[in-house]
Amino acid sequence: MRLTLRTLLSYIDNVLEEPARSELRRQIENSEHASEWVHRTRDVTRRLRLGAPPTGGTGSADDPNTVAEYLDRTLPEEGVSEFERACFESDLMLAEVASCHHVLAMFLSEPPEIDPDTRNRLHRLKDDLAEALAARAATQPQPPPDHEAPPAAATEPVPVAATASTDAADRAAPTEPAAVADRAPDYLRRREESALKRWAPALAALVVLAVTLVVALGPGGLLRDQQRVAEADTAEPAAVDPATDEAPAEPEPDEAAGAADDDAAEAEPAAGASDPSDAANAAPPGPAPTPTTPTPPADEQPITGEAGAGETGAAATGETPARAPGEQAAQPVPADTDDETEEAEPPPPAKFVGPPTALAMVETAEGRWRRLLPDAEIGQATHVVSAPTYRPVFRLTDRITAELVGQTEAILTPATGPSNDENAESEAGAEEGAPPRIRLEHGKLLLRTPQGGEEGEEPAPIDLVIDGVTYRATLGPSAVLAIEADRFFQPGELSEEAAQPLVAIAHGLSGTIGWSSKGVDLKISKPKQWYVTGESNSYTPDDFGDPSWIEALEVSPPDLFAAPAIAEAIDPAKPVWPQLMELAAEPYREVRSLAGRTSLALGHPEPLVESFRQPSESAAWRSNLDALRRAASRSTEKMAEIERVFAEKYGPAAAGDLVELLVGFSRDEVGADAEALARGAVPNVILPILESEDLASRVLASLVLEESVEPLDRPYDPLDTMRKRARALQVLSRQITEAELRPAAR
């Protein structure tokens, strides 16, 4: 297959079949130029402010018809090379063509399967809506027959319930134009919004900015000179003359300035005077001040004397100087602000920044899991799990944010706190002022730094612990570093003694990124990917290493329906797992499935193990088996917990066969050809289990049979009657005996 822009787009959008995709992947890996174009194409499609070509283009490259002909493979050959050259020279055109190809790939793909429960529920929506409207109208009070409507000018406000019933009645009339408008989709009704409503958020932001500037820079603002603020705070209030009950007239500005200078010159002798006559001479003429002074802000110099006295020496020690009777407190001399040394502010604490709809859970000291809310601070060595389909974001420092994508497990340690990570090789996390640390157990991690940055700004460091090895990453301005790590299931190799080997790959997508450890020192400034750790001969799926999840995580339609419902139902004040067990019994299958997988991420496989003996969960059997296998591959503790739950749910005798089916059979155990298959695990292990009366045993055996042999002409259905199942087993036995059944390719 030739490396062209069209084939690269087909590879990025995953529309190629095997082995064409594998061949194209090999060519891209061997060509540095092709790898750079793949990363550049993904980068330009993620740039939100890039814009789009003009719709009225007439040239050979920017004409919309030319783009359509190129994607439809109807553009003449003499124009293909010119069009591709224009795309490679312009980020605008490259992003346009790649986005159009992505939309077509999604639109032309096969539609998702709809289970019968969802289909029946959709068909019932019309009847349910009619019943709800009728019940609401019946509960509303009806006006008397002789009731007359008041004039429009004197109409009273209509209650909310009455408005709702009126709107419902209007929507129920199919012949009125208003009813047709109410049924219009949201994206059509949004076009009718006024310009003021569309620009309301921007205008509100401008008003808030203007008010902030006035408060900060206006008279008495927060950014005024500190000396003037101190003088204003220490000024004594004007006394009221008891004879006239009026305050004395304020002096003119020039006179006030002169008086202030005189007071400042005489303040020091007055403070040390012991003779009452000296104090009287030092005191300015006028009525005696009141004995109280308004309390200054907490961040100002503390006042410990009477009548607002702020002597620097006594105030610093917390002592009150002695005064003779009738002596007036001396006014403090404002300190020179240029000589003051400001203490460095500590870095902001690490915290979970959102979004509020994301489901991120932390392990407490008691071993329970609780949900995080936005702005929750992260303590040292915090064990965090992101539920499937969600993307929680954490701010580690003022320059580094970390996003956990999908089902991800990690241990986050802030920059200022010591690390309790005993498996890390480096002790840098235990030092004061060390950079933040992330121990990635499995999943997808996205690190970012802010756009732009000052010239000569130092890179932001962060320590990453992957499979017991500590790596130091340094991220420059506008840097994006993506890392995915996992332990993949291999049939026949699950055990409680050792987990599967971890494979991790890093994607440097933008900015300048440094990557170093013992014996490794890498620095990149253009898109590049590299393997971090893992055995070279370990099993790695074909789609591993494809960073398409950075832009948008692929989520199935059932999970799109269930994710908001679960995020809304989980109460942060209560432990998460009991709430997930309640959601796993919900009437909607989509919610049950996602709740069960989230429970498995926290180490509780009960909902998924229980699903194999429930016929209503037939559509989720395959995905539940895959989820259990992935969990068992990632941790020996989770593998042992899955075995324990199988024994608890189905008994020790049946649990042995079920766990054997969960582990699966290797290529050698199944057989490499038809003759070897007749002597392997299919006729000797799988077929006898298919004759079992236990539904869970038949379900798991049928799933393992499907992945072990080529597609069957008459598949075995564990939900069929006993007679149909016996007939299917006879067909399978005959095909194995006559060498018609062949092992599936792996």
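Analyst: The crossing of α1 and α2 is left-handed. This comes from a predicted model.

User: Why are α1 and α2 called roughly perpendicular?

Analyst: Helix α1 (residues 5–12) and helix α2 (residues 20–30) pack at an angle of about 110°. Angles of 65 to 115 degrees count as roughly perpendicular. The angle is in that range, so α1 and α2 are roughly perpendicular to each other. Their axes are 11 Å apart.

User: Which residues of α1 and α2 meet?

Analyst: From α1, T7, L8 and Y11 take part. They meet R21, L24, R25 and I28 of α2. By class, this contact has four nonpolar, one polar and two charged residues.

User: What makes a residue of α2 count as buried, and which ones do?

Analyst: Buried means under 20% relative accessible area. In α2, R21, L24, R25, Q27 and I28 are buried.

User: How do you know that the buried residues line one face of α2?

Analyst: Look down the axis of α2: the buried residues fall within an arc of 165°, so they line one face of the helix. On the other side of α2, E29 and N30 are exposed. Exposed means over 50% relative accessible area.

User: What covers the buried residues of α2?

Analyst: The cover includes α1 and α3 (32–46).

User: How many helices and strands does the protein chain have?

Analyst: The chain has 28 helices and 15 strands. Of its 746 residues, 37% count as buried.

Definitions and conventions:
Residues numbered from 1 in each chain as written. Predicted model: local features only at pLDDT ≥ 70, side-chain atom pairs only at ≥ 80, totals over all residues. Heavy atoms only, no water. Axes fitted to C-alpha atoms, helices over the stretch in contact; angles between N-to-C directions. Helix = DSSP H or I, 4+ residues; strand = E, 2+ residues; numbered from the N terminus. Parallel < 35°, antiparallel > 145°, perpendicular 65-115°, else oblique. Left-handed = near helix turned anticlockwise from the far one by under 90°. Contact = heavy atoms within 4.5 Å. Nonpolar A, V, L, I, M, F, W, Y, C, P; charged D, E, K, R; others polar. Buried < 20%, exposed > 50% of the residue type's maximum accessible area, 1.4 Å probe, protein only. Arc of directions from axis to C-beta.
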